[in-house]
Amino acid sequence: MPTFTRRGAALSFAALAAPLLNRTARSQAPADWRLSKETDWPDFARRFEEIGTSGTFVMLDARLGGRLVAHPGRAQTGYLPSSTFKIPNTLLALHLGAVRDLDEEAFRWNGQRFVLDGKPALPPACDADVSLRVAFRNSCIPVYQEIARRIGAEAYREWLIKLDYGNAEIGGAPLDEFWMKGDLRVSADQQAKFLRKLVIKTLPVTPRATSLTEEIMFIEKIGDTSIHGKGGLAVAEKPAVGWWVGYAQRNESLVLLALNLDMKSEAHGEARYGLVKEALRQTGLLA
């Protein structure tokens, strides 16, 4: 079995690029998927097999509620959210006042590098005093562990239920690790539904907390399409599970996205976002 780090894939994406990008016509999504409660997308489901793994992908229309899914059964299976939990964690931290702003506060670095299996597991940007914005983008685990201690177990138990996030369980591990190795589980379907409530502003949190969470999730703008999201790597799952969740907006079209796959190769880490962008192209949301 390969050894994975939270820094993402170390291997080249070149070997996977061809099967991901060169079969566009075959995986074209059904044109009317937005009008159906659920539309299976078996052609896209084969993408996972082509790169030597198993996975699922969910696209949910924010306004009409139509759902496009590859591998529907897996889409309902819960996994540890790992770093994708930084989305609800950021939202709660801002709403509850555990953190004031994205950039105002610097979280103190204790001078020790975060290691996994004896190797540095975080980007060099985490080895310093960092803001919440930097911590989110670089998955600085110690910062979010500090945030968890500030929020506290009682608030998590209350608010994960209010947010309807996964199974809302915080046991099975220390408070500052439950999203990485505890009892918390969330499915791709649940990730997409949670994000839909975030973007259509129906979660019971302040507008400021919502807008700042959306801001911190921004990744890039490609043409007319803005992409927001977060990846994650649940190494406690066997096999390890890679996540990518977020949303994309092009003009009036707004969709929620949730992908997970078994990390059978480190290259699968880089494949996550490549698959998401391929799905956006095949649904007309990315040129």
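At what angle do helix α4 (residues 86-96) and helix α9 (residues 188-199) pack, and how far apart are their axes? In this predicted model, local features need pLDDT of at least 70 and side-chain atom pairs count only at pLDDT 80 or more, while totals for chains, interfaces and linings use all residues. Residues are numbered from 1 along each chain as its sequence is written, and side-chain values use heavy atoms, with hydrogens and water left out.

The angle between α4 and α9 is about 35°, and their axes lie 11 Å apart, where axes are lines fitted to C-alpha atoms, for helices over the stretch in contact, and angles run from 0 to 180 degrees between N-to-C directions. Helices (H or I, at least four residues) and strands (E, at least two) are DSSP runs, numbered from the N terminus. On the α4 side I87, P88 and L91 meet F194, L195 and L198 of α9, contact meaning heavy atoms within 4.5 Å. The residues of this contact comprise six nonpolar, no polar and no charged, with Ala, Val, Leu, Ile, Met, Phe, Trp, Tyr, Cys and Pro counted as nonpolar, Asp, Glu, Lys and Arg as charged, and the others, Gly among them, as polar.

F194 also belongs to a cluster that ring pairs link together with F85, Y156, Y165, F178 and W179. Rings of Phe, Tyr and Trp (its six-membered ring) pair if their centres lie within 6.5 Å, and planes under 30 degrees apart count as stacked, over 60 as edge-to-face and the rest as tilted. By this rule there are 12 aromatic pairs. One of them joins Y79 and W243, whose planes stand at 75°, so the pair is edge-to-face. Because Y79 lies in the loop between α3 (72-75) and α4 and W243 in strand β8 (residues 241-250), the pair ties together parts that are 164 residues apart in sequence.

The count of disulfides comes to one, a disulfide being a pair of cysteine sulfur atoms within 2.5 Å. It is formed by C126 and C140, and the torsion about their S-S bond is about -90°, so the disulfide is left-handed.

| Cysteine | Relative accessible area | Class |
|---|---|---|
| C126 | 7% | buried |
| C140 | 2% | buried |

In helix α10 (residues 207-216), the buried residues include A209, L212 and I216. The buried residues of α10 pack against α4, α5, α9, β6 (218-222), β7 (225-234) and β8.

Methods. Buried < 20%, exposed > 50% of the residue type's maximum accessible area, 1.4 Å probe, protein only.
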